[in-house]
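Good morning, and thank you for coming.

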Amino acid sequence: MLLLLPVEGLVCGVDEAGRGPLAGPVVAAAVILDPGRPISGLNDSKKLSAGKRELLAAEIRGSALAWAVAEASAAEIDRINILQASLLAMQRAVAALAGAQGPVFPSHALVDGCHCPQLSCSVEAIVGGDGKVAAIAAASILAKTCRDAGMLVLHASYPQYGFDRHKGYPTAFHLQALREQGASPQHRRSFAPVARLGES
């Protein structure tokens, strides 16, 4: 049986990755950093090289008081739209927060952007938070590295789309593959470049 860890005053950072791609899930992460184990080099994941993100992700997982990653699928994105799916993934990540002694329940959440998910704790949105708040930057890094790894798994099943190269973003190669191959089950049919396939 898991022990519940008291978390009076703990604050988690929350961010997502994958709002723009045409395929795959949107992934969110929640992180509660340990003030006694600061992590050097945290920043918006988009400003870091892939290698640096991987190194920091491993350090975050090893040093944070608690962390979790969750997602909303392409089908959920199509059903409720990308914003609501992003917020749903954030809710799932915060609900899944766990540390070495079991589930962790933060008292406050700091979320990157201008929209807040509904959480059981108080929540605050910070525009550009992934470049301002260490815990949000850490969440940004975990979300990005997890999503990129997931797209490599999808590439093994759907190599014709080149997910290993562009991670689902609408590059010229990806758009050409869509025109030639049609959409896979992992494509977001509500996104315009995919939706247009059904109109041609």
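I begin with strand β2. In this predicted model, 7 of the 7 residues of β2 are buried, so the strand is largely enclosed by the rest of the structure. Which residues of β2 lie on one side, and which on the other? On one side are Val26, Ala28, Ala30 and Ile32, and on the other are Val27, Ala29 and Val31.

Next, the partners of β2. β2 pairs with β1 in the antiparallel sense, over 5 bridges; here Glu16 stands opposite Ala28 of β2. β2 also pairs with β3, again in the antiparallel sense, over 7 bridges. In β3, Glu71 stands opposite Val27.

I turn now to the nonpolar cores. The largest of them has 34 residues, and Cys12, Val14, Val26, Leu97 and Phe163 have the most contacts inside it. Among the elements that give two or more residues to this core are β1 (11-17), β2 (26-32), β3 (66-72) and α4 (134-157). Which element gives the most? It is α3, with 7 residues.

Apart from this core lies another, of 17 residues, which include Val31, Ile39, Ile60 and Leu142.

Finally, let us consider Leu97. Leaving aside its neighbours within four places in sequence, Leu97 is in contact with residues including Cys12, Ala30, Val31, Ile32, Ala66, Trp67 and Ala68. Pro103, Val104 and Pro106 are also in contact with Leu97.

Key: Residues numbered from 1 in each chain as written. Predicted model: local features only at pLDDT ≥ 70, side-chain atom pairs only at ≥ 80, totals over all residues. Heavy atoms only, no water. Core = buried A, V, L, I, M, F, W, Y, C linked by side-chain atoms within 4.5 Å. Buried < 20%, exposed > 50% of the residue type's maximum accessible area, 1.4 Å probe, protein only. Helix = DSSP H or I, 4+ residues; strand = E, 2+ residues; numbered from the N terminus. Contact = heavy atoms within 4.5 Å. Pairing = 2+ DSSP bridges.
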